[in-house]
Structures are given as structure tokens and as C-alpha cells.
Amino acid sequence: MPAYKNKDNGTWYVMTQYTNWKGERKPKCKRGFDTKREAQEWEHTFRQQNSGDMDMPFSAFVEIYCQEQKPRLKESTWQTKENIIQQKILPYFENYKINEITTKDVRAWQNEMLAYRNEENKPY
């Protein structure tokens, strides 16, 4: 995964190719990274997201989901959904890979949510 340095302004950029939903190969260029590592990490994440590989982290999947769903929903519905994802789901599953999440993990998360009590001892 090569990253290139822009000699004019000292930032890094990556150039990669991907296959779109029509099966056509398209180039992708992203510029403005401060470090080579940031550029390579972005390219790695971009390739995972476009490959449809289930070996990606749950947090990367949530980013894809948010990009696809936000334009389809009313603003108030999206805010509710985003709050649930950010406050309840993502903190638990953030570091899991999609293909590693099992029924047992989901049940453990559900049990944790059911057992939760706030300062006034009220459940969700």
C-alpha cells in the first residue's frame, strides 16, 4: 500500500483503484494526510469498506451504514438512530470484527442493557 509525499506542501496522499457496483475499476485519490501512516490506514479502511469483506471492525461498518442510511431517513429519525448507535451499541462492539460477533456476544450485550440502571435506579 504505497503512499506518496506531495513535495509542494509536505502532505501525503494515496492513490488506489476499486471496483464499483457496476463492476468497473475506478481510481481513487485522497490527499492531505499529515503522516504516511495516516494515508496508509485510510487506504486500508477504504479497501475493506469497498470489498464487502466481513473482516472489518464494527466501527468501520457503522460508518458505512451511517453514510447509506442518513439520506434515507427524516432528520429526527436519524438523530434517534444515531444516538442509539453511538451511546449503546458502538461502545460495546466497537473493537469486534464483524465476522467475530456471535449470538452469544449479542445476548451478553442485551443482558447488559437490561441490567442497566441510571442514577434514579430506572432502566432504559
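Visitor: In what order do the 3 strands of the open sheet stand?
Guide: This is a predicted model, in which local features need pLDDT of at least 70, side-chain atom pairs count only at pLDDT 80 or more, and totals for chains, interfaces and linings use all residues. Residues are numbered from 1 along each chain as its sequence is written, and side-chain values use heavy atoms, with hydrogens and water left out. Strands (E, at least two residues) and helices (H or I, at least four) are DSSP runs, numbered from the N terminus. The pairing is antiparallel, and the order is β1-β2-β3.

Visitor: Which are the edge strands?
Guide: Two strands pair if DSSP finds at least two bridges between them. An edge strand pairs on one side only. The edge strands are β1 (4-5) and β3.

Visitor: Over how many bridges do β2 and β3 pair?
Guide: Take one point of this pairing: T16 stands opposite K28 in β3. The sense is antiparallel. The number of bridges is 8.

Visitor: Over how many bridges do β1 and β2 pair?
Guide: Here Y4 stands opposite Y13 in β2. This pairing is antiparallel too. The number of bridges is 2.

Visitor: Which residue takes a positive phi near 80° in the hairpin of β1 and β2?
Guide: This hairpin has 6 residues between the strands. N9 lies in that loop. The residue with the positive phi is G10.

Visitor: Is N9 buried or exposed?
Guide: Buried means under 20% relative accessible area, exposed over 50%, and partly exposed in between (1.4 Å probe, protein chains only). The relative accessibility of N9 is 52%. Therefore N9 counts as exposed.

Visitor: What separates the C-alpha atoms of N9 and G32?
Guide: Along the chain, N9 and G32 are 23 residues apart.

Visitor: What span should helix α1 have at 1.5 Å a residue?
Guide: Helix α1 covers residues 36-51, which makes 16 residues. The expected span is 1.5 Å times one less than the number of residues.

Visitor: Which strands do the buried residues of α1 pack against?
Guide: The buried residues of α1 are A39, E43, F46 and Q48. Contact means heavy atoms within 4.5 Å. Helix α1 lies across two strands, running at about 15° to β2; axes are lines fitted to C-alpha atoms, for helices over the stretch in contact, and angles run from 0 to 180 degrees between N-to-C directions. The strands packed against are β2 (12-19) and β3 (25-33).

Visitor: How exposed is T45?
Guide: T45 has its place in helix α1. Its C-alpha atom is separated from that of A60 by 7.4 Å, although they are 15 residues apart along the chain. T45 is partly exposed, with a relative accessible area of 28%.

Visitor: Which helices do the buried residues of α2 pack against?
Guide: Helix α2 has 12 residues and reaches 16 Å from its first C-alpha to its last. Its buried residues are F58, A60, V62, I64, C66 and Q69. They pack against α1 and α3.

Visitor: Which residues touch the most other members of the largest nonpolar core?
Guide: A nonpolar core is a set of buried Ala, Val, Leu, Ile, Met, Phe, Trp, Tyr and Cys residues joined through side-chain atoms within 4.5 Å. The largest has 13 residues, and those touching the most other members are M56, F58 and V62.

Visitor: Which helix gives the most to this core?
Guide: α2 (58-69), α3 (75-93) and α4 each supply at least two residues of this core. The most, 5 residues, come from α2.

Visitor: In which part of the protein chain is confidence highest?
Guide: pLDDT is the predictor's confidence in each residue, from 0 to 100. The chain has a mean of 89, and 97% of its residues reach 70 or more. Confidence is lowest in α1, at a mean of 86, and the highest value, 94, belongs to α3.
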